[in-house]
Each structure stands twice: as structure tokens, then as C-alpha cells.
Amino acid sequence: GKPVLRDLSPERNQVLQFKDHQGDTSFPALHTLEKDETRGRVLHFFANHELLATELMALVLLKFPEAPKAFRRGILKTLKDEQEHTRMYVRRLADMGMVFGQFPVNGYFWKMIAPMSTPMDYVSRLSLTFEQANLDFSAYFAQRFGLIGDRASQALMEKIYRDELTHVGYGLKWFRRWKDPKLTDWQAYEKQLEFPMSPQRAKAAPFNLKARQQVGLDADFIQRLYVYSKSKGRTPRIHVFNPYAEQFMMAGPGFTPNRQQKSIQEDLETLPLFLCRSDDVVLVRRPQRIAYLAKLKDSGFALPQTECVSEKGLEEASELRRRKVGALCPWAWSPCGYQVMKPLMAQLTQACPPVGEAWYESIRPLFAKDWAADQLRAFLRSRSDGQWLIAEDAIGQSCDSEVGVLSQIECLRQKGYPRVVVKSLYGSAGGNMLRCWESKISERQMGWIANALRREGALLVEPWLDRMMDFSVHWQVEPGAIRWIGWSHLKVDDRGHYRGSLWMPSFMRAMPKELAKFAHEGEPERLRRLFYDLKEFLFPHLKQAGYLGPVGVDAAIFRGGDGRPRLKPVIEINPRYTMGRLSIEVGRHHAPGSAGYLQILNQRDLERHGHDSFDAWSRSIEKALPVVTDERGRLVSGAVFLNDPTTASGCLALWQASRDIKAFWEVGHPLEATLA
Ligand SMILES: [Fe+2]
Ligand SMILES: [Fe+2]
């Protein structure tokens, strides 16, 4: 006959009408699967899917009378399977005292598949997408029902699983016959699906590898599907790694990273993968190796989508340019981050800091150390519990001339601080500082001071503190609110250079005795309370500057002149993502009780350990520290590389997970040993 081109919808009785916008048609929460009611809802949900599959197959027969006879015969046979599946569910529901139709049902599959324009479209959408996902669902629920002891439901799911293997295989056979032979299966499949359909819908967790091999999907297809990520509907946040905010703030918007800086930026461009959710997007310069992404997934990380940008920015053809965007999250709101994000600003559903041209001048001061010192001074003056905190005269003073710097150094020495440090306002990670430990200032040191003053206009002069513990606290500034994110320990060497970030499942409990006592002395949780106060204190200032995004505050507990510990609540304020914040975000993927340590290894580390490539070194590290995950796929212990060792040229971000929290405190010793 002639194809039926009208918009059809299935004839359903009153109780089975689609109720997408009335009543709750969503999937039930599974923690109460022991309850008949929950199991009933799960079975009810799947029963509707079987009925939808039946209806959609009938639609295929009506829409494509010219399709090959063998294809149509196959459809009819599958349709009968789906009818049988529907009946099985209805019977099982009845056995449990329920009726098909007693809960509202959705028409989602119909909406997604009915507009199909060719049989190829149909096999891509139903067989290779929704039926493929059912390989995961049915195997998983067969197992879960079995564990609860519901044998009847288990047997039902097993039967459906076996049939689904045939259905997906059938779809794959026709898909291969119809696809462009120049394309791989994966390429043809991805091309065929149009948003909001995407390969994301062809899988569920846990990913059933065996079933896909059995069906005959090829290894490339399976691995690409495994690591594939695209938001199913939530508007994505867009991340990008742009690390040189301080340099931009120091040198102005015209700053260009040198070759070495560029290579570090490229090496570490994957870091935002660990900051976001699986429905977010990370902009990268190089496409990531599928095998690397698969390894991350095996280590317990849900991967977001990655999208390539060129030197010029986001491609005109990028589908991102036509999607709504939830938020823009560059590593820092520097001119570089602004440049990359600018083309997406029109699609934003949320506010972002750079509005108009004024944003740079209003945000820039937040990056400077003299601003942080002023905030600390004002914060301390607002409190009456100064005894356990840094003395006011030990807070950094900003000096804008050589004479000013020298007299401030002298002044601190008179007050009993023999060691003094002069800091660049925009230096980061302990770089760009001058340690004045000898009584005389050398010619070389004078040169450094003169140079820095010319460049930045001022320098910060403060006593060198005998630090006992370095750490950072992290917040997120949102429109109208500031949210607490967490704590992270900073490991610095005795010259004040950054060594690594340590994340503990419980910050307070991990502290050595003397420091833990200090944190609670006089008043329980006084350390935590102080940082809550500081957060509220800084919020109006951040808001006034129009800043939205991550903030990390570096702080330290140091030994005062009297030998007792004291707190310096603010060393630096970083209005951007930091390695400390990254460590907290990576920590979210951990199994309970396991801690993590982040290090950025460079060429010198590589040579010191006697390897000639990061790739070779990574293999020996992996051997010494194999990844172990728990039954829910969360990281327990082992080494994870936050960038791909195969392509790393200048540095490698190494994350070590372990339950041996004590070993992490002795940083530098056991860690170095495992790296050797
Ligand atoms: Fe079915
Ligand atoms: Fe099926």
C-alpha cells in the first residue's frame, strides 16, 4: 500500500494515555526496591516501554511499505515479541496485585522515534539506541530482582534480555546494510542521530560490555559509546582551562603566554574534566584519546562531553553555538577566559561576571595580594578573639617605592621578625617572591625589587612565618549567595613553593594532634567557624566587584614567637579555580575513607626519576599503584593521571588515592618512594 504520512498517535484506552505533563511519570527511586510498590512501579514503567515498542513497530509497517520485504517481516516478528513482553509485564503486575495503567505513563519514546523519516532512522533510534540501552537495564534489573529473591521478576527480565540481544542484532544488521560504507559504524551512528537524540541514550549504568560484544558491535563502537557523554536535556556548564590569570592581571590584556606556558596549558587542558558533571562540556584544543578516556571511566570518573576549539575559538559549525548554556566556568575570569567564552554569552541562562567592558577593571584587584592583605586587616579588626590569630603588625604591607620596601623590612626586623619576604602582587604558587633572610639586602635583591616595582607599581612586605600547616578553603560565589565547597591541604616546600594538594575525606580528623587541639581550643570547631565568618565577611566585597565563580583562600597555621600555634586566615585570595579546589572535586569520586594527593610532575621530576617520557614513567607508576575501585565503581586507591601521559610533553598531573592517610602526611617520603 501507500505510506501513511499523517501524524499518527497510538490508540490507547483511557488509563494508558500519555501523561507527560500531568502526574509523575518518572522512574522510581531504587533504594526501596525491596518494597512491592517500588518493584511494581519499575515493572509498570517497563511495561509501557514494551507497549510503545509494539506501537512504534506498527508505525514502521505503515510508514515504510516500500522497505525490503525481509526487513518488514523482521519488524513483524519483533512486534510480536514486544506484544508478548507487554503481556508478561501485565501478568506479573497482576500477580503482584497491580493493574497496568494504575500509574501515569509517558509517551517519550513515541515523541523521539515517531518522526523517523527512513527505516535507517528507525533502526538507529530504536534498535541501536533504546533497545541497546535496555541491554543494560534488563541485565541489571534481572540481577537486582534476583538479589532480593523476586525470582518471577528476575526470570521475566532475563527473558527480555535474551530477546533484546536478538532485537539489537537485527537492527545492527540493517544499519550496516544501509549506512555509508565509507563511515565506521560509530561515525554513521553519531551522524544519524539528531539532538536531543544522542548516543548517550544508548546506554545505562552499569555498562554491559559482554552483551554488546555478543550482539556483534565492533570494539571501536563499544569503546566510543562507553566514554561518550552528552547532556540529555539539562543545560550544560562550559569549562575551559586557562591558567595564566595572574600574568594577565599583571601585564594587562595584551599578555601572551610563552612557548613553555602554552605547552603547560595544552598538557593540562583536561583538568576541568574533573570539575564538572557528566552533562557539562569541556573545551579542549586536542581531541582526547578514547583509550585514555575509557581508563578514566574505569577509575570511577563520569566524563563530560569534550568539544574542540581552535586558536580562533569555538568553531562556527559547533552545535554548542546553537544550544542553551547553563553557566560559563573558565578556570579564571581573565581576558583569556573571557575571549574563549564570549561567543557563548548570548546563549546563557544564568548571569556571568563579565558584563560590558568594565569587568576587567573591577575584577582585577581581587587577584592582587595587597587586596587580600587589606581584607585580612579589616576582618581581624571586626573580631575580638585575636589571641589565636596573626598579630596585625605581621600582616603584609603594600609599599610602592624602594625606600618604602627597605624601611618596612627594617621596621619588621625591629619588631622581632628577622626573616622577611617581599612578594609580587600577582605572583602565584609561591613564585615571584624574594626571601630576605640575611641582615643585608644584596645588590641582586635590590635589582629584583626595582624591577618588580617598575612592573607592578607596588610590592607586599611581610614577615616570613614558621608554617606548621598550609591549607586552603574553597567557596563558590553565586548570584545572591556564597556556597561553602570544602578544605584542602597544601604541601609547600621550605622555600614556600607549591608541591601538591592533599584532599582528605575529613579535613579536621586528619590533622595531627597538636593542630587538631588548636582547631578546637576554647571553643569547639573554632577554626571552621572562623572561615564561615570570613566567607560572610568577604561576600559583599566579591559581590560589589561583580564577581561570580570559584574562590580559594590560602591560609596557614604557624608557630608564633612564643612557640604556640597561630592562624593566618588569609595568605592569598584566588578568585578562580585552583589545584586545591580541583583536589576537592576529584575527591568526590572517592570511596569513603580514601584520601587523594595531587602533584604536577614536570620535566625535572621526569629526569630525576630516570625516565625519558611521561608515557614510560606513567606505566611504571601504574604498575606500582594499580587502580582499585569499590563495588559502586568509586576510587579506593591507585594512580590516576588527570591528563593523558601519552600526549603529555611538559607536565603530568598525578592523582594518588589511598586509604593510608598517615602516609599522605609524611609527604615527600613515602610518596617519593612509590614514584621511584
Ligand atoms: Fe521488548
Ligand atoms: Fe525489543
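This is a tour of one predicted model, taken stop by stop in the viewer.

**Before selecting anything**

The model is predicted, and local features are described only where pLDDT is at least 70, with side-chain atom pairs counted only at pLDDT 80 or more, whereas totals for chains, interfaces and linings use all residues. Residues are numbered from 1 along each chain as its sequence is written, chains are lettered from A and ligands numbered from 1 in the order in which they are written, and side-chain values use heavy atoms, with hydrogens and water left out.

**The whole chain**

Begin with the protein chain as a C-alpha trace, which spans about 100 × 50 × 50 Å along its principal axes. Coloured by secondary structure, the chain shows 23 helices and 18 strands; helices (H or I, at least four residues) and strands (E, at least two) are DSSP runs, numbered from the N terminus. Of its 676 residues, 56% count as buried, where buried means under 20% relative accessible area, exposed over 50% and partly exposed in between, with a 1.4 Å probe and protein chains only. Among contacts (heavy atoms within 4.5 Å) with a separation of 6 or more, 70% join residues 24 or more positions apart.

If you display the surface, its accessible area comes to about 30400 Å², of which 51% belongs to carbon and sulfur atoms; accessible areas come from the Shrake-Rupley method with a 1.4 Å probe, and for residues only the protein chains shown count as cover.

**The iron ions**

Next, select ligand 1, an iron ion coordinated by Glu 50 (OE), Glu 82 (OE) and His 85 (ND1) at 2.0 to 2.2 Å. Donors here are N, O and S atoms within 2.8 Å of the metal (3.2 Å for Na, K and Ca), and because water is not among the atoms, sites may look incomplete. Along the chain, the donors of this ion follow the spacing E-x31-E-x2-H. Glu 50 sits in helix α1 (residues 36-63) and His 85 in helix α2 (residues 69-95), 35 residues apart, so that the pair links distant parts of the chain. Both Glu 50 and His 85 are buried.

**Met 57, in helix α1**

Stay in helix α1 and select Met 57, which counts as buried at 0% relative accessibility. The C-alpha atoms of Met 57 and Glu 82 are separated by 9.1 Å, although the two residues are 25 apart along the chain. Leaving aside neighbours within four places in sequence, the contacts of Met 57 are Ile 75, Thr 78, Leu 79, Glu 82, Tyr 122, Leu 126 and Glu 131.

Move to the loop between α6 (185-192) and α7 (209-215), where Pro 196 is found. The peptide bond from Phe 195 to Pro 196 is cis, with omega near 10°.

**Met 446, in helix α16**

Select Met 446 in helix α16 (residues 443-456), and then Glu 37, which is 409 residues away in sequence and 78 Å away in space, C-alpha to C-alpha. Apart from neighbours within four places in sequence, Met 446 is in contact with Glu 402, Leu 406 and Ile 441.

**The cysteines**

A search of the whole structure finds zero disulfides, a disulfide being a pair of cysteine sulfur atoms within 2.5 Å. Cys 308 has its nearest cysteine sulfur, that of Cys 276, 15 Å away, and Cys 308 is partly exposed at 31% relative accessibility. For Cys 411 the nearest cysteine sulfur is that of Cys 399, 9.5 Å away, and Cys 411 is partly exposed, with a relative accessible area of 29%.

**Last stop: helix α19**

Finish with helix α19 (residues 579-587), which is largely enclosed by the rest of the structure because nine of its nine residues are buried. Among these buried residues are Arg 581 and Glu 585. To see what covers them, show strands including β10 (466-478), β11 (481-492), β12 (498-503), β13 (549-559), β15 (595-602) and β18 (651-658).
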